[in-house]
Amino acid sequence: MLPENFEMLSPDEKMEARFDAWLSTENKKFASPEAAAAYARRAGRYYDVIRLRQPDRVPVVLNVGGYVAQYAGVPHRDFFYNYEKVGEAMAKFYGDFGIEYQVAGNIFPGQALDRVGYRLYSWPGGKLPADRPFQCEEKEYMTADEYDALIADPSAFILRRFMPRVFESLGGLGMLPNFFSATELPTTAFMMLPLGAPPLVAAFEALADAGKAAQAWMGAMAGIGGRAQAEKGLPGTIGGSTKAPFDYIGDTMRGTRGMMLDMYRCPDKVIEACDRLVPIAVDLAVDGANHSGVPISLLPLHKGADGFMSPANFEKFYWPSLKATLLGIIEAGVVPFLFVEGGYNQRLGIIAESGLPAGKTVWYFDQTDMAVAKKKIGGWACIGGNVPSSLFKTGTPARMEDAVKKLMDTAAPGGGYFIANGAILDDAEADNVHAYLKAGKTYGVY
């Protein structure tokens with residue numbers, strides 16, 4: 001529960017108010033005093049490292065995608081269509097591994113996606129076999145000559161152009177009127193005319209049906225998360241999600257090839273579009289935190305990784321709008337949790353000199369050199385991750401223990417660090433997962 005005067009608070013006060021609510025065990029349901037105490041202890045450790053403090057030991061985090069289904073012997077399809085099986089699989093996962101924070105598990109509303117004919121991804125039980133994980137189908141869903149339309153009105157562009165291309169059942173959205181006509185009586189009548197057109201009515205019906213399916217999915221997910229918190233004292237650590245503005249365009253609108261060409265064909269338009277999307281990216285992050293009560297928002301970083309663009313292009317195209325997004329999220333009292341996929345070794349200097357406020361961001365590194373990251377940004381930002389995901393599948397318990405100990409020796413001193421697998425875990429051997437969790441708790445004690 002946030003205070004009534006929340007909007008009048010400073011950014012620092014907003015952040016503290018959000019975390020006070022998340023850390024508190026009051027107004028949360030727990031099955032036992034032990035579960036409540038476990039929640040408080042784990043959430044407190046996580047908060048301490050965000051704030052660059054040294055807790056009693058390093059938080060041991062496991063970020064899991066498809067591995068929950070694999071471990072339970074459940075086809076990936078069930079994680080899109082059978083929420084009872086999902087609940088059983090998650091309970092088994094939590095019980096067998098004794099992890100300390102909630103995991104995601106690649107759970108999505110298959111029936112809702114079916115109803116709108118989602119084309120952007122393929123998933124098990126849809127176009128893919130039951131035992132395959134989901135896949136992105138990258139195409140140019142925004143054409144090279146549409147930057148001006150996106151910049152002029154991003155929401156209208158998404159509704160009238162992008163969504164009809166991405167959702168088979170929503171072609172009628174292209175007929176949506178300009179709703180500014182609602183500001184006057186004579187134009188309101190004309191605004192309503194296309195709303196009764198059969199293609200648009202069909203799109204509305206598909207959206208309503210999908211919405212009901214999504215509500216059923218969310219109800220099931222809330223139940224699973226609620227049980228994990230109540231029975232085992234597992235805090236949820238991600239309260240929303242957004243992306244770098246460059247990634248919104250480059251990932252699934254223009255696509256990788258289109259975006260890389262646009263950096264040379266129309267660089268000014270790329271920059272203008274990224275800047276235009278900053279407030280939208282901020283709103284998405286803050287809305288998620290507001291609804292979930294978890295004051296941490298995930299930002300998976302994609303196109304800015306080493307190898308995708310030069311340091312000069314990163315500083316020109318990617319970083320300015322990302323930095324503005326981070327500052328906007330922080331201003332609202334929410335902590336950006338940056339999932340730095342791939343390597344950011346060539347970016348650490350730019351980040352270190354950014355002037356971002358201390359103790360207000362989390363940098364979850366995949367393949368970045370943690371010794372350098374600790375030296376350059378460990379003094380003002382929480383860092384974590386970096387256990388090679390390949391070790392979970394192809395390693396041994398002994399190799400896993402060595403890797404965890406080395407990371408602890410490198411990055412844990414002084415606090416401000418959590419340990420986690422570098423990339424989301426879809427495939428693993430259980431012995432290696434157990435070894436990771438045991439070593440993290442053993443070598444992470446201060």
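Biologist: How many disulfides does the structure hold?

Modeller: A disulfide is a pair of cysteine sulfur atoms within 2.5 Å. The structure holds 0 disulfides. The sulfur of C274 has its closest cysteine sulfur in C266, 11 Å away, which is too far for a bond. This is a predicted model, in which local features need pLDDT of at least 70 and side-chain atom pairs count only at pLDDT 80 or more, while totals for chains, interfaces and linings use all residues. Residues are numbered from 1 along each chain as its sequence is written, and side-chain values use heavy atoms, with hydrogens and water left out.

Biologist: Is C274 buried or exposed?

Modeller: Buried means under 20% relative accessible area, exposed means over 50%, and partly exposed lies in between, with a 1.4 Å probe and protein chains only. C274 is buried at a relative accessible area of 1%. C382 also counts as buried, with 1% relative accessibility.

Biologist: Which helix is largely enclosed by the rest of the structure?

Modeller: Helices (H or I, at least four residues) and strands (E, at least two) are DSSP runs, numbered from the N terminus. Helix α11, residues 245–252, is largely enclosed by the rest of the structure, because 8 of its 8 residues are buried. The buried residues of α11 are P245, F246, D247, Y248, I249, G250, D251 and T252.

Biologist: Which residues touch the most other members of the largest nonpolar core?

Modeller: A nonpolar core is a set of buried Ala, Val, Leu, Ile, Met, Phe, Trp, Tyr and Cys residues joined through side-chain atoms within 4.5 Å. The largest has 139 residues, and F246, W363, F365, Y417, I419 and Y436 touch the most other members. Helix α13, residues 267–292, gives the most to this core, with 10 residues.

Biologist: What does F365 touch, leaving aside residues up to four places away in sequence?

Modeller: Contact means heavy atoms within 4.5 Å. With those residues not counted, F365 touches V340, Y344, L348, M370, A373, I377, I383, G384, G385, N386 and G422.

Biologist: How many cavities of 30 Å³ or more are there?

Modeller: Rolling a probe the size of a water molecule over the atoms shows where empty space is left. On a 1 Å grid over the protein atoms alone, a cavity is a set of points where a 1.4 Å probe fits but cannot get out; a pocket is an open set with protein on both sides within 12 Å along at least five of seven lines; and lining residues have an atom within 4 Å of a point. Grid points are joined across faces, edges and corners, and a volume is the space filled by probe spheres set on the points. By this rule there is 1 cavity of 30 Å³ or more. The largest cavity holds about 30 Å³ of space, and its lining consists of H76, F79, F80, N106, P133 and F134.

Biologist: How does that lining divide by class?

Modeller: Ala, Val, Leu, Ile, Met, Phe, Trp, Tyr, Cys and Pro count as nonpolar, Asp, Glu, Lys and Arg as charged, and the others, Gly among them, as polar. The lining of the largest cavity has 4 nonpolar, 2 polar and no charged residues.

Biologist: What lines the second largest pocket?

Modeller: D369, M370, A371, N386, P388, A403, K406, L407 and T410 line the second largest pocket. The elements giving two or more residues to this lining are α16 (370–377) and α18 (397–411), and α18 gives the most, with 4 residues. The lining divides into 5 nonpolar, 2 polar and 2 charged residues, and the space in this pocket is about 180 Å³.

Biologist: Where does N106 lie, and what does its phi show?

Modeller: Most residues other than glycine have a negative phi, and most peptide bonds are trans. N106 has a positive phi of about 55° although it is not a glycine. N106 lies in the loop between α5 (83–97) and α6 (110–116) and is buried, with a relative accessible area of 18%. Not counting residues up to four places away in sequence, N106 touches G65, G66, F79, F80, F134 and D426. L52, in the loop between α2 (33–50) and α3 (67–72), has a positive phi near 70°; L52 is partly exposed, at 23% relative accessible area.
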